[in-house]
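Biologist: Please take me through this model, starting with its packing.

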Amino acid sequence: MTPPSPSESPRERLLATASALFYDEGIHAVGVDRIVTEARVPRATLYRHFAGKEGLVLAYLRGEDAGIRSLAAQAAAAPPEEQLGLAVLAIAQDIAQRHTRGCPFINAAAEYPDPASEVRELIDAHRAWFRQSLEQAAEAAGVQDPAGAAAQLVLLRDAALVGGYLDGADRVVESFLAAASAVTGLPRH
């Protein structure tokens, strides 16, 4: 983990530190004391900016959601017939370069089993949006069963993120791309 930049605001340092620690080590494994120490902020600053640790967890997941939505927006800016292929490539790139320790949403869901918790509600909303965006891209690409293709792509992404962490992205990305091509009928990139 890289130390937070002193030029960042205390809130940004807290969120950057917590996000890295939560993703690298697990949410429940990291305590508030460690976060404030590594972010180099007083403990009271955390409570001024976030509703305790769970508020920090929610901010972390909202940041992950925003990053994935940004990638989806880039794909959505392309001509409709190219959007699905670009989304698949973005997923492969994410597996290989950014989320090398699995899916942050799956990881968080494992630590928050109560489906009524605010964390799980955020995760469910993210996954519903993600599935819907893939369905829209599949429909634009002329895929015969866009909802089915989107559901299969989500499943493939989930498996590839876990497999990338366990087996290495270099072993998983090509298999993900081949399976995504079979699901969508699009040529392999």
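**Helix packing**

Biologist: What do the buried residues of α5 pack against?
Modeller: They pack against α4, α7 (118–140), α8 (146–167) and α9 (169–184). Buried means under 20% relative accessible area, exposed over 50% and partly exposed in between, with a 1.4 Å probe and protein chains only; contact means heavy atoms within 4.5 Å. Helices are DSSP runs of H or I with at least four residues, numbered from the N terminus.

Biologist: On what basis are these values computed?
Modeller: The model is predicted: local features need pLDDT of at least 70 and side-chain atom pairs pLDDT 80 or more, while totals for chains, interfaces and linings use all residues. Residues are numbered from 1 along each chain as its sequence is written, and side-chain values use heavy atoms, without hydrogens and water.

Biologist: Which residues of α5 are buried?
Modeller: Q83, L84, G85, A87, V88, A90, I91, A92, D94 and I95.

Biologist: At what angle do α4 and α5 pack?
Modeller: Helix α4 (residues 52–76) and helix α5 (residues 80–98) pack at about 145 degrees, with axes 8 Å apart. Axes are lines fitted to C-alpha atoms over the stretch in contact, and angles run from 0 to 180 degrees between N-to-C directions.

Biologist: And which residues meet there?
Modeller: E64, A75 and A76 in α4 meet Q83, L86, A87 and R98 in α5.

Biologist: Changing topic, why does S19 count as buried?
Modeller: S19, in helix α1 (residues 10–25), counts as buried because its relative accessibility is 18%. A polar atom of the S19 side chain lies 2.7 Å from the backbone oxygen of L15.

Technical notes. Helix = DSSP H or I, 4+ residues; strand = E, 2+ residues; numbered from the N terminus. Polar contact = N/O pair within 3.5 Å; in protein donor to acceptor, adjacent residues only side chain to side chain.
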